Each structure stands twice: as structure tokens, then as C-alpha cells.
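Q: I've got a protein–DNA model open and I'd like to learn how to read it feature by feature. Can you walk me through it?

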Number of protein chains: 2
Amino acid sequence: MLTLSTVNVNGLRAAAKKGFLEWLAGTGADVICMQETRAEPDQLPEAVREPGGWHTALAPSSAKGRAGVAIYSRAEPEDVRTGFGSAEFDESGRYLECDFPGVTVASLYLPSGDVGTPRQDEKERFMKEFGEYLADLRERAVASGREVVVCGDWNIAHREVDLKNWKANRKSAGFLPEERAWLTEVFESGYTDVVRSLHPEGPGPYSWWSYRGKAFDNDSGWRIDYQVATPGLVARATEAVVERAPSYDQRWSDHAPVTVTYDF
Amino acid sequence: MLTLSTVNVNGLRAAAKKGFLEWLAGTGADVICMQETRAEPDQLPEAVREPGGWHTALAPSSAKGRAGVAIYSRAEPEDVRTGFGSAEFDESGRYLECDFPGVTVASLYLPSGDVGTPRQDEKERFMKEFGEYLADLRERAVASGREVVVCGDWNIAHREVDLKNWKANRKSAGFLPEERAWLTEVFESGYTDVVRSLHPEGPGPYSWWSYRGKAFDNDSGWRIDYQVATPGLVARATEAVVERAPSYDQRWSDHAPVTVTYDF
DNA sequence: CTTCTGAGG
DNA sequence: CCTCTGAAG
């Protein structure tokens, strides 16, 4: 049994002040992938950087206060690797892999952008490079008989059922035709969207609600956090939940943890 | 009877969220001089920009989020003037005058600096220019039979009794020999430190406690907020209080209001 | 609306 | 330690 959680914490320091550590103490997950830690290891309190019972792998961004991914695991990883061989992105705190027996778990934070801005161009460059890496990763997994799951904030809603307001967002970054097409390619290249495979019907479950306006209270959310896995894992996935907070004030991030149990 | 308060609000927007408006509603002051408003008029909520029963004169800095002085008064001023004729400082939100019958009330926010930094050089340039202006202001007051009081954050403790830890601060900006000498000059040129004249004994009353460490709880304060007045007002000053908050959490600024009643 | 930063205090 | 800012989300 392997239970995997992924959550964009929107600042690990802020999250820790608002309840992340209580969630961590209560979770049954074996591995937790985090995104947007937005901190150097030295900036984190001890209880966050090295919580008892967990091994922690951190990949901060070279730009202070930006991005940053991490993987916490009850078992010590066999190997830890940062980046995916990209000159542009390997120091940007967006990708981290940990190997466990028979399975590689990755934490991904795909750039977010706004249409017509340099950040959106960056997102597109990332998608291109990372897509190629995913193909390579899969080939190596097949060759070595390992499974792979890439957990994280992909910053793209795949289909209309993956966001509350798809009509209003047809021209919004995160739901652009080219972004959706890219995800489709990923999902047709030997990787599967595990939550959707367990819950074929939408709408949702959403995993992100903007802090702006009343998005959370109106459940005006997006499903942009995924566990994207190779077939051996998909076949063994038994349960998926999005741990939506009970109320606005009980949130410690604008994203909710996406947790999947694998009979592995 | 004229009651005058002066207080560095350390961000009028923040202060308003923490109790400034309640203090305003309860004060018996007729005129309130404020410093470090740190806001453009448009950034202020209506209840702060135009509270009922008050006339408000604002002199924001041209640099957003910095400095800024204001004068609130129950009576409408006869005249309002910003700056003191300085090319360098007139747009910096550091000086504002309001005329009332027989008396000119000014709100002053003297720059603060750190030894060896450009800000300290700026403070020194300000002291020099403003010292000359004070002499001129006094001459005009004498000639026209008006009184003058310059209220504000002068960012200088005058004597050893004016801060808790004078020995440790002999080389600190705000208690440098040259700054203290400058204040002595002011106080020997026809202006008087009204609070000290009513309370000749120190230590204190302090008007500022750093937010750092336990300065407030230890009463490790500085007296840097003054009402500096011409003789006709000094002679009529009957009572002076520093409205130190009852506890750390009840503060809405790191400074306390300094309130003087004049039998005028 | 929130989290960072860095300047300023 | 606190309040702004501006970038970012």
C-alpha cells in the first residue's frame, strides 16, 4: 500500500502557520509532493524542514521567494534528483524526483502565466522541454521495469469538466487550446490522469480555488493538480480524494491536497 | 482651550485597522498632527480620509508608501501650506502647516537615518534647511503677533532622560551629539519643548518603542515626538500626557499620541 | 486576495 | 518586528 499526496502549499512558511503541520501529523500518506514552497531550507523552522518521522527532499528556486518543490516521505528515498536536464529550468525549483523501490515519484510545479506575457512564453517553453523529458522518463521506466508518477501543479485544466467556468475561461491561461492539447498528448503517451481514471465523471473534483473574490465559497475551482502515472500504478490505484477544506478559514493554501492510494 | 495631539501613526491604513478610528472618536483634541501616514488620499477609506466632524489636510510624499503628514482639526483652517520652501523636501511628505486664529500648527516628520548611510546624510541636510526655516517662521510669528507650534516626530532624543538606554545609544542615529546639539539650538532660539517644560523631570515620558524585541513591554522607549512652541503658547500650556497604550496588543502604532492642552 | 520580496523604519 | 511596495500567483 502506497498513499501519495500532492499539494501546492502556496508558501510553506505561511502554510505552516495556518495548519499545514496539523494536516501533516494527521495524514495517512506515505509520500507528499509539495509545490510552491517559496523558501530556502534555512528559512524554514525546524518542525517544517525536518518534521519527525519524515525524510525531506527540497528543491528551492534560485530566485528567492519563488516556486520551489519538495518531497516528504516516511521511507528514505533510494535516490533524489533535482531538475530534468534543462539549462533554463533546473535551478527554478520546479521539478524533483525521488526513487523508492520500484517506483519513481516526482513533484512538478509547471509555470503559470498570463496570456500575452513573458511568463506564458516561459510556460510554453517548459511544456515543450518537459514533454520531451516525460517521453524519455517513460522509456527508461519501461526498460527498467519501474513505475513513475508525476505529482504536482500542472497549471492546466484538461477538459471542460475540470473547471467550474469553462466558457468564461476559453481564452484564459490554464485552459488554452494549446495547453489542453499538450496535456492530451501527455495522457496519450503512456501516462494516465489517475484521479480522472478513478472518477470518470466531472465536474471536478477541483483542487484549486483563487483567493480572489468568493471563489472558494462558490466552489468556483479548477482541477490543475494531478497524479500522472504509468500503467502499472494506474491499474493499482484504488482511491482518490481531494481534501477540500471544510471552510474558507480552515484553508492553509489556495490548493487542496490530492491524495491517491495505490495497492502497490 | 486648545488641545493638540501629535502622533506618528506608522501607516494610517494599518493604524485604522487596529484602533486609530476608535481613538479618534474618543479623543478630546481639537487638532491632531499625524506623521507617517504612508498613503495617498485615494488609498484611504472614506472614514479615515474624511471622518465626520473633522477637517483633514494631507501632505503625502511623492514616493508611494513613504512618509506623509496630515493635520486633522475640528475647525476649518484659515490656511493650509505644504512644505517649507525646500527644493529637496517639499514633495517628501514631511511638513504641513495649518493656520488657526492666532496660531499656526505644523506637523513635522523629520527623516530618520542610520549612521553611515545616505538616509543619515539626508537627515542632516533636512536639519540644516529646516533649522533655517524655523528661525524665519519665528520672526514672522513675532512680527505678526501669532503663536507657532511644530508638532511631530523629530527623530531625535534630546537628553539622556529622553531614552531608556542612553549609554548604549551614544553612537546611534537619533541620539548623536550633533543631532542633540541641533535640537538644543532650536530650543534656545525662541522655541520650547512643551512636554519637558511641564514635566521637567525624566526619565521619559517616552513616545516611541521599537516593534523589535520586547521594547514596549520593557518600556525601552525614546522621547522623539515633540510639541515645540513659541512663548505665548508655552506659558499657556496646562497639561501634557503621552497616551501610552495599556498593552502591546492595544497599540495601533509604535508611537503614542503626545497631547497637550493650552489655555488659549 | 495572498505570498513572497526589499526598502524603510 | 512592522508597514509599505511590486512581482507573482
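Q: How many nonpolar, polar and charged residues does the surface near DNA strand C have?
A: Keep in mind that this is a predicted model. Start by sorting the residues by class: the surface near DNA strand C has 10 charged, 5 polar and 4 nonpolar residues.

Q: Which of the 19 residues around DNA strand C come nearest?
A: Look to both chains here: A:Ala14, A:Arg38, A:Tyr248, B:Arg119 and B:Arg212 come nearest. As for elements, helix α1 of chain A, residues 12-18, gives the most to this surface, with 3 residues.

Q: What part of DNA strand C does the protein sit against, sugar and phosphate or bases?
A: Check which DNA atoms fall within 4 Å of the protein: 78% of them belong to sugar or phosphate, and the rest to bases.

Q: Which polar atoms lie close enough to a phosphate oxygen to count as a contact, taking N or O pairs within 3.5 Å?
A: Here are some to click on. B:Arg119 puts a polar side-chain atom 2.7 Å from a phosphate oxygen of DNA strand C. A:Gln43 also uses a polar side-chain atom, at 3.2 Å from a phosphate oxygen. With A:Ala14, it is a backbone N or O atom that lies 2.9 Å from a phosphate oxygen.

Q: Let's move to the sheet. In what order do the 6 strands of chain A come?
A: The general idea is that strands of a sheet pair through backbone hydrogen bonds, either parallel or antiparallel. In chain A the order is β3-β4-β2-β1-β14-β13, forming an open sheet with mixed pairing. β3 (55-59) and β13 (237-242) of chain A stand at the edges with a single partner strand each, so one side of each has no neighbour in the sheet. From one strand to the next, the twist averages 15°.

Q: How do β3(A) and β4 of chain A pair, parallel or antiparallel?
A: They run antiparallel, and β3(A) pairs with β4 (residues 69-73) over 5 bridges.

Q: Are A:Trp209 and A:Phe216 buried or exposed?
A: Both A:Trp209 and A:Phe216 are buried. Chain A also has an aromatic cluster whose members include A:Phe84, A:Tyr95, A:Trp154 and A:Tyr226.

Note on methods: Residues numbered from 1 in each chain as written. Chains lettered and ligands numbered in written order. Predicted model: local features only at pLDDT ≥ 70, side-chain atom pairs only at ≥ 80, totals over all residues. Heavy atoms only, no water. Pairing = 2+ DSSP bridges. Helix = DSSP H or I, 4+ residues; strand = E, 2+ residues; numbered from the N terminus. Axes fitted to C-alpha atoms, helices over the stretch in contact; angles between N-to-C directions. Near = heavy atom within 4 Å. Polar contact = N/O pair within 3.5 Å; in protein donor to acceptor, adjacent residues only side chain to side chain. Nonpolar A, V, L, I, M, F, W, Y, C, P; charged D, E, K, R; others polar. Buried < 20%, exposed > 50% of the residue type's maximum accessible area, 1.4 Å probe, protein only. Phe/Tyr/Trp six-rings, centres within 6.5 Å; stacked < 30°, edge-to-face > 60°.
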